[in-house]
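Me: I have a structure open and want to talk it through. Can you take my questions as they come?

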Amino acid sequence: MAKRPKNIMFRTQKQSEDRGFKRFSVIFASCVVIILIVSCLAILKKYDFDVRTAMGGEPETTTEAVSQETTQLQLQADKTYFFWCADSEKGGLHFAWIVNFRVPEMSATVCSLPLDMMLSDGAETLDSSFKKYGENATVDSLEKVLGYEIDGYIGSDDESFKAMINYFGGMNITVPEQIEYRGSEYTVILIKGRQNLMADTLFKYMRYLGTLGPRGKKLQSAALMEMFDCVFKEKNTAKAEKYFSKLSNTVRTDLTIVDFLESKKSIEAFMQGGIKDKNIVESPMLVKEQ
């Protein structure tokens, strides 16, 4: 018996070409899909798989903002400091302040001290006490007069004051009116308005304000508050420890690295959020009452 022939399919050349094209199309489409998937995964990974940000939207910050606010509310700090700048040659004070910082209120209260204010024994002024006995004894006398504790002091002379100002690239200070002052020791010429003052000019401006009586004291306090604004910036948060190192190696202070580490989170809170409640008072008795 003759064998049954197997099924044999005959294709035209066009049919063969069509089949080859379809196979190529399927392979090409698969490659494109794979490339698109890999690209999308790479983009999402870059944005921590935040689809909203990857599509060009604003990153989600609500959780982080709430977290920072919660951290600030958990912090509790109420610190008062004695700031001063003394004459390098004569030893007396150029200017001095009592400053209070509070967290979570994020407040700063500043009072420029009159150099002729009488201290506890009634025999010495702030200036004469500092000149005769130095900063530690003067702080002790101030505490007796004010009735509250001073947590530390940060002081400078002419050169260390200027060194710190230049270290920060000058300070943005608002000069309330045009000044043309020519004294026996220094000259100050400034236009009205907010401007960046480098060390020597700012030092002379602060000394000039000291010649204006009570109004000058308020302006000295306002200038110090603006200096704090220049330091307490979010971009400076990571540099807090570096700044303390520079401060402790340049000026005179009784604050130690232990004090800094205990207050580091509060300092960082001020840098991240800035000073929200600013107070300038005329009497140091009011510094703790704000």
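Me: Where does P104 sit?
Reply: P104 is in the loop between strand 2 and strand 3 (107-112). Keep in mind that this is a predicted model.

Me: Which residue is joined to P104 by a cis peptide bond?
Reply: V103. The V103 to P104 bond is cis, with omega at about 15 degrees. Most peptide bonds are trans.

Me: And M106, where is that?
Reply: M106 also belongs to the loop between strand 2 and strand 3. Its phi is positive, near 55 degrees, and it is not a glycine. Most residues other than glycine have a negative phi.

Me: Is M106 buried or exposed?
Reply: M106 is buried, because its relative accessibility is 1%, and the cut-off for buried is under 20%.

Me: Switch to I98. Which strand holds it?
Reply: I98 lies in strand 2, which covers residues 93-103.

Me: Buried or exposed? I mean I98.
Reply: I98 counts as buried, because its relative accessibility is 0%.

Me: What is I98 in contact with, beyond its neighbours within four places in sequence?
Reply: The list includes T80, Y81 and F82. T109, V110, C111 and L113 are on it too.

Me: How far is the C-alpha of I98 from that of V281?
Reply: 10.0 Å, for two residues that are 183 apart along the chain.

Me: Zoom out. How many helices and strands are there?
Reply: The protein has 9 helices and 10 strands.

Me: What share of the residues is buried?
Reply: 39% of the 290 residues.

Me: On to charges. How many salt bridges are there?
Reply: The count comes to 13 salt bridges. As background, side chains of opposite charge can pair when their charged atoms come close.

Me: What does R194 form a salt bridge with?
Reply: E226. The closest N and O atoms are 2.8 Å apart. The pair links distant parts of the chain, with R194 in strand 8 (residues 193-197) and E226 in helix 7, 32 residues apart.

Me: Is R194 buried or exposed?
Reply: R194 is exposed, with a relative accessible area of 51%. E226 is buried, at 14%.

Me: Which salt bridge does K204 take part in?
Reply: K204 meets D200, at 3.1 Å from N to O. Both residues lie in helix 6 (residues 199-209). They are 4 residues apart, about one turn of the helix.

Me: How accessible are D200 and K204?
Reply: D200 is partly exposed, with a relative accessible area of 35%. K204 is partly exposed as well, at 24%.

Me: What about K264? Which residue does it form a salt bridge with?
Reply: E241, with the closest N and O atoms 3.6 Å apart. K264 lies in helix 9 (residues 257-273) and E241 in helix 8, so the pair ties together parts that are 23 residues apart in sequence.

Me: And the accessibility of K264 and E241?
Reply: K264 is partly exposed at 25%. E241 is partly exposed at 41%.

Me: Surface next. Which residues form the positive patch?
Reply: K233, K235, K239 and K242.

Me: Where is K233 found?
Reply: In the loop between helix 7 (214-231) and helix 8 (240-250). K233 is partly exposed, with a relative accessible area of 32%. That passes the patch criterion, because members need over 30% relative accessible area.

Me: Last one. Which residues make a nonpolar patch on the surface?
Reply: I257, V258 and L261. Together they have about 270 Å² of accessible area. L261 is found in helix 9.

Technical notes: Residues numbered from 1 in each chain as written. Predicted model: local features only at pLDDT ≥ 70, side-chain atom pairs only at ≥ 80, totals over all residues. Heavy atoms only, no water. Helix = DSSP H or I, 4+ residues; strand = E, 2+ residues; numbered from the N terminus. Buried < 20%, exposed > 50% of the residue type's maximum accessible area, 1.4 Å probe, protein only. Patch = residues over 30% accessible without salt bridge, like charges linked within 9 Å, V, L, I, M, F, W, Y side chains within 5 Å. Areas by Shrake-Rupley, 256 points an atom, 1.4 Å probe, with all protein chains shown as cover. Salt bridge = Lys/Arg side-chain N within 4 Å of Asp/Glu carboxyl O. Lys, Arg positive; Asp, Glu negative; His and termini not counted. Charge placed at Lys NZ, Arg CZ, Asp CG, Glu CD. Contact = heavy atoms within 4.5 Å.
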